[in-house]
Amino acid sequence: MTATMTEGGTLVVSPAATTAGFGAVLRAEWLKLRTVRSTWWTVLATFVLGAGLTVLMCWGNADWLASPEADESPGSFITWGMMIAQITAVVLGALVVTTEYATGMIRSSFAAVPARGRVLAAKSLVLVTVLFVVGTVTALVGYLGGNYFLDQEGIGMALEGDVLRSMYGSGLYLAGIGLFTVAVGFLLRHTAGTISVVLALMLILGNMVNLVPGTFGEWLTKLMPGNAGSVVSTPVSFNPDLLDAWTGFAVFGAETAVLLAAAYVVLRRRDA
Amino acid sequence: MIRAHALTKRFATEKGQSRVAVDGVDFVVEPGRVTGFLGPNGAGKSTTMRMILGLDAPTSGTVSVNGHRYAAAPAPLREIGALLDAHAIHPGRSARDHLRWMAASNGIPTTRVGEVLELVGLESVAGQRAGRYSLGMGQRLGIAAAMLGDPPVVVLDEPVNGLDPEGIRWVRTFARQLADEGRTVFISSHLMSEMALMADHLLVIGRGSILADCSMSDFMADHAASYVRVKAPALVDVAHLLSGRGLDVTRVDDELRVSGLDAPAVGELAFRHGLMLHELTLVRSSLEDAFMALTADSVEYHAATEGALR
């Protein structure tokens, strides 16, 4: 503590500059995330859709998958719900950034932590951790429920190898897609815009590039972020032409890193 | 202490040109007094305050808080507390949670949250979602957030907006108390009457330039025009007499407005020439009038009727 006497004779005590490090910013972002209801609704939706739809799809398709006319692998169904759960991960990624812009909260955030890169990093880290845990747990519950029905038809899968990888792979994919959306959110600063752009890129454009002819089209399809990143979240991909799990995830990671870097540059320059 | 040097902010306009919001201003906001930051809407008050807090980057020039750039502070909330916008709060988060994350971000103990809630009188509603707050409660929460780090410098942008008379009075007393404790208090407002009651020192800004930087009393003496109102049965004779002495006399309806001489002198003069007076009053314009006169040229948006009357 430092004390200064002013001309008027009043004593002013100003706390000695205590450095608030990155840990403090992390704690603040964690508090922010868990103190709004939208977070819990989105997490609940991720779980219900992700695990529920997997169980539902396995229940509905188990006898067909076990029959000789099946042309898909049960491995494509055991994390089926994650294809839909990725939408709620996008919503959560957008909300943690864009509601701050919509409400003006971002000014409080940057006044409290002027090093904007730290805010970006802390927000990202907190969200990635939450989505990884939620994604992995969701996939595991979906597996337990879905595999029960597959087992009854004699096509159950053990929790090992690619199946095990698809469990934490689901966590990784949701975390990645959340991070991707955070970057887009900082670039666009608008909730509806961010969600639309990311979902269009992942779900619509990702399928439409199939129509581009030739090798160019094939590669474009492989490299689209949703296509490259999602393979890690399933033991057997519905689309056999995509990159393999870890190569795809590395491509997706690189794309996310580029967007985050762009967001960081813009964030530093732009007035809040 | 806040120190601005040649502080300038230009914004790009839609037509590809640039508009100067703050034009090379120099000022120092001293501790131990309430400094009022006065200017019409659009004069550059909020932009200046945002630059102080590092939210907007100056186009050129510098501004420092306690001798260094705001962004260089390791725990900025302990150096400067700001109420920039009562809406800079997530409507779905409770007041207590809002203050908790802010405290956490700057390593301020959580016990301080309860203290500032009590300070602004929001303890009983601290668990409610901030979106349900009235404008006045939002302002109080903003002030609580500003005081969280017990900062030596407090910046309040339009703190009395939306407050009821009791709240306005509370802010006034609170600002005074902070200044008496030796803190630097910088308050913006476009309400002149409020400033007259609150500020010791005035910084007047118009169209991005500092128009006045002086004590409240100096400002009144320099800019609040005064004249002597004279009413008399023989108004023309009195007017003749006074203007013959080189005084500035204007007739408005049934009265004369005389400047350049004080009321007793005008009365004596009339008496010596045998002229009877019915009224002799010193009229001093309010801070509001003084402000209007000073910023008349720099008001961004005139009402249409006002323009038509000119």
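Start by selecting D23(B): leaving aside residues up to four places away in sequence, D23(B) touches T8(B), G208(B) and S209(B). The model is predicted. D23(B) is found in strand β2 of chain B. Is D23(B) buried, or partly exposed? Partly exposed, because D23(B) has 18 C-beta neighbours inside 10 Å, while a buried residue needs 20 or more.

**Zoom out to chain B**

Chain B has 11 helices and 13 strands. Its C-alpha atoms fill a box of roughly 80 × 50 × 35 Å along the principal axes. Colour by burial next: of the 310 residues in chain B, 46% are buried. Then consider the contacts between residues at least 6 apart in sequence. In chain B, 71% of these join residues at least 24 apart.

**The three-stranded sheet**

Return to β2(B) and select its sheet. Three strands of chain B form an open, antiparallel sheet in the order β2-β1-β4. At the edges stand β2 (18–29) and β4 (60–65) of chain B; each has a single partner strand, so one side of each has no neighbour in the sheet. Neighbouring strands here are turned by 25° against each other on average, direction ignored.

Select β1(B), residues 2–12. Five bridges pair β1(B) with β4(B) in the antiparallel sense. For one of the pairs, pick I2(B): its bridge partner in β4(B) is V65(B). Next, show helix α1(B), residues 45–52. This helix lies across β1, β2 and β4 of chain B and runs at about 115° to β1(B).

**The six-stranded sheet**

Move to another sheet of chain B. Six strands form an open sheet with mixed pairing, in the order β5-β6-β7-β3-β8-β9. The edge strands are β5 (80–83) and β9 (209–215) of chain B; each has a single partner strand, so one side of each is left without a neighbour in the sheet.

Select β3(B), residues 34–38, and β7(B), residues 184–189. These strands run parallel and are joined by five bridges. L38(B) has S189(B) as its bridge partner in β7(B).

Two helices come next. Helix α4(B), residues 135–147, lies across β5 and β6 (153–157) of chain B, at about 170° to β5(B). Helix α7(B), residues 216–223, lies across β8 (201–206) and β9 of chain B, at about 115° to β9(B).

**An open strand**

Select β13(B), residues 279–284. How many of its six residues are buried? Zero, so β13(B) lies largely in the open. Its antiparallel pairing with β10(B), residues 226–231, runs over six bridges. Look for V228(B), which stands opposite L282(B) in β13(B).

**Across to chain A**

Select the contact between the chains. Chain A gives 35 residues and chain B gives 39. On chain A, β2 (11–14), α1 (22–34), α2 (37–66), α3 (82–103) and α4 (105–112) each supply at least two residues of the side that touches chain B. That side of chain A divides into 17 nonpolar, 12 polar and six charged residues.

Finish on helix α5(A), residues 116–152. Its 37 residues reach 54 Å from first C-alpha to last, close to the 54 Å expected at 1.5 Å a residue. At G146(A), α5(A) bends by about 25°. After α5(A) comes G154(A), with a positive phi near 75°.

Terms used: Residues numbered from 1 in each chain as written. Chains lettered and ligands numbered in written order. Predicted model: local features only at pLDDT ≥ 70, side-chain atom pairs only at ≥ 80, totals over all residues. Pairing = 2+ DSSP bridges. Helix = DSSP H or I, 4+ residues; strand = E, 2+ residues; numbered from the N terminus. Axes fitted to C-alpha atoms, helices over the stretch in contact; angles between N-to-C directions. Contact = placed C-beta atoms within 7 Å. Buried ≥ 20, exposed ≤ 12 C-beta atoms within 10 Å, placed from the backbone. Expected span 1.5 Å × (residues − 1). Bend = angle between axes of the 7 residues up to and from the residue. Nonpolar A, V, L, I, M, F, W, Y, C, P; charged D, E, K, R; others polar.
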